[in-house]
Amino acid sequence: MDLSPYLLSALIWLPIVGGGLLLALGDGGDVHSARAGMMRVTAFWLTMLTFALSVVLYMAFDNAAASMQFVERISWVAALDAYYYLGVDGISAPLILLTTFITPLIVISAWDTIKVRPAQYFAAFLFLEGLMIGVFCALDGLLFYAFWEAMLVPMFLIIGIWGGEHRVYATLKFFLYTFLGSVMMLVAFIYLYGETGSFDLFGFMNAPLTLTTQKMIFIAFLLAFAVKVPMWPVHTWLPDAHVEAPTGGSVILAAIMLKMGGYGFLRLSLPIVPDGSDYFSGMMIALSLIAIVYIGFVALMQTDMKKLIAYASIAHMGFATLGIFLVWRISAGMGAGLGMTGAMVQMVSHGLISGAMFLCVGVLYDRMHSRNIADYGGVANTMPIFAAFMVLFSMANAGLPGTSGFVGEFMVILASFKASFWYAFLAASTLILGAAYTLWMVKRVIYGEVANDNVASLEDLNIREFIVLGVLAVAVLLLGLWPAPLVDMMNASIEQLIQQIGQSKL
Amino acid sequence: MQAYYLTIVLAPLAAAIITGLFGKWIGRAGAHWLTNLAVGLSCVLSIAVFKHLFFDGGTAENINIYTWAVTDGLRMEVGFLVDRLTALMMVVVTFVSLMVHIYTIGYMHDDSGYQRFFSYISLFTFSMLMLVMANNFLQLFFGWEAVGLVSYLLIGFWFKRESAIFANLKAFLVNRVGDFGFILGIAGIVMISGSLDYATVFASAESIAAQNIEVIPGSPWNAMTVICILLFIGAMGKSAQAPLHVWLPDSMEGPTPISALIHAATMVTAGIFMVARMSPLFEFSTTALAVVIVIGAITAFFMGLIGIVQNDIKRIIAYSTLSQLGYMTVALGASAYSAAMFHLMTHAFFKALLFLAAGSVIIALHHEQDIRKMGGLRKYMPITYWTALVGSLALIGFPGSSGFFSKDLLIEAIRESHWHSEPWVYWIAYPSVLLGVFVTALYTFRLFFLVFHGEERMDAETRSHLHESPWVVTVPLILLAIPSAVIGWFTVNDVLFDNYFGDSIVVRSSHDVLAYMGESFHGSLALVSHSVQTPVFWLTAAGAFTAWFLYLKRPDIPAAIKDKFSGLYTLLDRKYFMDDLYIKGFAAGGRAVGSFLWQKGDQLLIDGMLVNGTANTIGRLAGIMRQLQTGYIYTYAFTMIVGLTMLLSWLIWFR
């Protein structure tokens, strides 16, 4: 029996149902109980099983096909003509793989560091995983919106319950920012429903829309997606959210939730309102370049490691949005596809690298309960293995060739040169700024004499931390040395998207 | 040959990975045996490749190993282009690397990071080979940045030292400034020619040169000029040309073996190699070549001057390296690419030799690097003394030594070059390289005399322990001294005048100064015997004599000069205040911009006024609105009546 028609549903619902199971059983309130241990093991195997399913997806995925694969379509809300409509293409599939790859690592990293309500903590991540995969699969506007908003709830709880000292401010800021943005997306969906009579995303894409309408819809989508990416100037929730979130929360936030924004642009904004996107592309490129340069400078001055990495995330995601919107500035020949592929690769790679960086900070935080750069110094003396990982990921963060961090940036810089010398000039400044803020932190944290007694008593990585960072290191190097498998997955879909948006709706 | 190429590249990589990850298990001996054998294998095979191409008349090969990625019609490959230019670099890199590997066994004997060090230098060898063997710009950039990474790791090898971790950050960032230009140049090439592959790009050089890029809107610049200058910015970073030279002297914080390998013989010459490799492009832009020659001339002369006032043995040699790299760059700018490559080769041998000899001195004196605390070492360290003498003579271009052939002919090439018709370029370039000869001889023999001759200025305790270094140190010195002394004799004709490089280097016939010089070249012996008639010889002799007079005969004079010309001395001692400019200007400026944007932009404007401001405004509005909700039914009823009345009136009167 061919199970592939149910594969996406399985990917979405396995973690969600599993999360429900964990919630229902609970850990009995005792972290050290056998029951809590069992919950951890269950959570781990559930995420591993989800990962295994995504490997099946990868194996069965047809790189040559540009259209949607593994499609499922069942009537959902008949009155609204809304469908439970799922499918993946080369743009969503890599992000699903990223999600299923990162989540088990989060479970391992949280193994013995979460001292409060571990079962609920793991349940929240399982819910989140399922809902995020749902966003990447949904091809129906209403379904997309439902997953999109539902995702906020576990994230809200993760920061609000397991977060740091100022978690209430951070959660509110996070929630209001993202919620206000996405409500506008719902308004746009309802308008498009009025125009087409269904919530089918392909119906939206085929709907003829005037330029004015397209501009309005673009702005509505922009509010939702720009906050998620986040783009300058709606980025200030991110550093606060990261600082207050527990390590796992930071990882999932940086690695996957930010990608929702870039994915939204690719899946919704560009194909539904191509002329609106064209109209605003100059602004989008400007905002992306501001993110790269302005945020690069801001990151330099951070004193809190998590904030520094959070700002670095914003700068790196600037490459994703830059790569996407360059398409409107490249009239012919090579470049547009390179920019968009670069944007996608950048998103996947950033997921791995920023996740790894936050895990590294988490390793230090678990030992010293400080994220302050000034509290560290000479960590390499007491934690040599950790230092090796940290330097590797920092180099990846600085875009060193041979690591995944280089691939996307390289492609986007090439493409932006085609559009304008100055775009490339500003984008390439990341070579200097990225290295400056990352390696200056490395210098102050990792190198030097042992700074104080706390550093002197640090213990090197335990086996679980080693596995998590080791797996990420392999992934970062593999994608850097041989990105072809990832790029091949995307090519057909991106080519088709560029062709599609080349057709004006006017 | 493909199996050869792969082995040459992968053997050091495998050794580096095993030593790096499993250093604890394989132990110290395991680490040095493994890496030495791997690099030795690379070296032997490189020589075999060289023999195949040069003596056996083999043809150049251009092969792709695997496809990195393909998208948007752009094929990104990893592959090798092995021609005579590459083969020369492969031999130089692996040979010097092998010498340094052997030497390290002695030099790093007592260091706790023994395995880590071997892992790094093997990784460096791999990266450098990837760079020189690349057949496309992507892999070139990979190797380019990978050697930068290893350089970063090795400068900061003793990571407890504040000065070392300052120097490695500085080196990486300054190199990144160069790479910033480099990647833009690559982007320009790809976007105009549609390919990363050398062969394809070179084939379309003419069409690139026919296009324009509007860097400043409204004033189109020739695309080739823009691209070549951008590429050259990359070379300026890696090959430490002014004003991006500031990282190289500080890089001496790293252990001496890597100063020899990375910061003298190989990595810093990557920029020279790259420009020579890109000669099919540079030949199309006279403007870019003018930039190259002027930058090179400035570096060659002014960096040499700084060398005269330094007191740290390694820093003197570092400034000498800067100056010599300047010489090579000048040759590139004069389209005498072969002369640049020839000097690159001889310099690799004699400069590595000088650094390793300095290292031998440094360990003998228990890590003392100040030449004011040395002197008279000749009798304690005879092998080091004689090999250092060979290296010094080669550096100043003593007739017959390897440096004589490369430098003498390089200077002559500048004199005869096509720039003759362009006075402002010519009168910057030629006097710089000519006077540089005097400066070179002066700082070289100042160092030599102060270290090996004269009174013994070290303390008695140190003196009592003085002895020659072990064989693992002296054997590499001797093995490097041989080519430093004689290699010029045998190779000068082939490399410079007999079209050794063939198609790998392209020179326009109107620029081809070496072909012109070749007509009057009558062999090595004739060149040596005629050398006394040239100004170069007399300037060299004058420099060496001045050094002898000032530092051995009348040591009181330098101090007097220093007092008399204190302004000039300060200028040189502070390295023309370039470091101050970078650290107090750019670095501090960058931090100030960062602080401003963070505190005024993010915190005050966006968060303070927009985000929390909105929240506060809503809060305040809500406070006002709350007053309306009194909870009394009559208030609501009254409001309803008023509202209803207004709505009805609007409907009646306005519809």
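Predicted model: local features only at pLDDT ≥ 70, side-chain atom pairs only at ≥ 80, totals over all residues.

Me: What makes H11(A) roughly antiparallel to H15(A)?

Reply: The axes of H11(A) (residues 247-257) and H15(A) (residues 336-368) cross at roughly 165 degrees and come within 8 Å. Angles over 145 count as roughly antiparallel, so H11(A) is roughly antiparallel to H15(A). The crossing of this pair, H11(A) and H15(A), is right-handed.

Me: How do you know that the span of helix H20 of chain A agrees with 1.5 Å a residue?

Reply: The expected span is 1.5 Å times one less than the number of residues. For the 16 residues of H20(A), 430-445, that should be 22 Å, and the end C-alpha atoms are 22 Å apart, so the two agree.

Me: Why is H20(A) called mostly covered?

Reply: A residue is buried if 20 or more other C-beta atoms lie within 10 Å of its own. In H20(A), 15 of the 16 residues are buried, and the helix is mostly covered.

Me: Which residues have the most contacts inside the largest nonpolar core?

Reply: That core has 455 residues, and Ala352(B) is listed with Ala427(A), Met133(B), Ala331(B) and Ala340(B) as having the most contacts inside it. Leaving aside neighbours within four places in sequence, Ala352(B) is in contact with residues including Val96(B), Met99(B) and Leu480(B).

How values were computed
Residues numbered from 1 in each chain as written. Chains lettered and ligands numbered in written order. Core = buried A, V, L, I, M, F, W, Y, C linked by C-beta atoms within 7 Å. Buried ≥ 20, exposed ≤ 12 C-beta atoms within 10 Å, placed from the backbone. Contact = placed C-beta atoms within 7 Å. Helix = DSSP H or I, 4+ residues; strand = E, 2+ residues; numbered from the N terminus. Axes fitted to C-alpha atoms, helices over the stretch in contact; angles between N-to-C directions. Parallel < 35°, antiparallel > 145°, perpendicular 65-115°, else oblique. Left-handed = near helix turned anticlockwise from the far one by under 90°.
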